[in-house]
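Hello,

Please find the structure below. My notes on it follow.

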Amino acid sequence: TKMLADSIGGAQKGETVDDAGKRHLDDFLGDWKLDIWALDAQGNKITATGRAKGILEGKETARIDYADITAEGFDPIPGSSVLTYSSSKGFTLENNFSAIQGSRAYVGEYLPAENGYNFYPSTNKDGETITGVIRSNVRIAMRVSGNLIVAETYTLKDGKETMMQSYRFTK
């Protein structure tokens, strides 16, 4: 039904796409269990687990704080992601993790049909991710569905877009 579709995602009647995206920032709130996998520079899968907590900072910013992220062979990796909407910049994402020097900034868009966001690097801070991927070649896709958030990172490999990392948040 239309009411069910509106509650799951997308823009509601009379709502702009940006307004729908701002409304869905609330979906990031709460305590989350986190399961992660990533491909290292050799293409081997690394897995990690942790916890996350989403809070609102004003009406147009959701902050996700990560705690206890652990993976075999790595020190614990605390960090945060900040999703913001501003009328001048649209949607932005800033990731800041202890394993990475400085924060990483992305610009993006809300996709109502997917109830998700796509983010692209907003600066030319090249260099590699902790798993060996060139930073400027990534796209981050985030989808929200009730008690589930999926954030996936894609990169170009051999001329094809390939998923290289996935964060799965569950309540």
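How many residues lie between E1 and E2 in their hairpin, and which residue in the turn has a positive phi? There are five residues between them, and Gly-43 has the positive phi, of about 90°.

Some ground rules come before the rest. This is a predicted model, in which local features need pLDDT of at least 70 and side-chain atom pairs count only at pLDDT 80 or more, while totals for chains, interfaces and linings use all residues. Residues are numbered from 1 along each chain as its sequence is written, and side-chain values use heavy atoms, with hydrogens and water left out.

Strands

Strands here are DSSP runs of E with at least two residues, numbered from the N terminus, and two of them pair if DSSP finds at least two bridges between them. E1 (residues 30-39) pairs with E2 (residues 45-56) in the antiparallel sense, over 10 bridges. Opposite Trp-32 stands Ala-52 in E2.

E2 also runs antiparallel to E3 (residues 61-71), joined by eight bridges. Lys-53 has Asp-65 in E3 as its bridge partner. The hairpin of E2 and E3 has four residues between the strands, and Gly-58 in its turn has a positive phi of about 85°.

Rings

Rings of Phe, Tyr and Trp (its six-membered ring) count as a pair if their centres lie within 6.5 Å. The count by this rule is 10 aromatic pairs. Such pairs link Phe-28, Tyr-85, Phe-91, Tyr-110, Tyr-117 and Phe-119 into a cluster.

A charge sits over a ring if NZ of Lys or CZ of Arg is within 6 Å of the ring centre and within 35 degrees of the ring normal. Lys-45 has its charged end over the ring of Trp-37, 4.8 Å from the centre. The charged end of Arg-139 is over the ring of Tyr-154, 4.5 Å from its centre.

Regards

How values were computed. Rings of Phe, Tyr and Trp (its six-membered ring) pair if their centres lie within 6.5 Å; planes under 30 degrees apart count as stacked, over 60 as edge-to-face and the rest as tilted.
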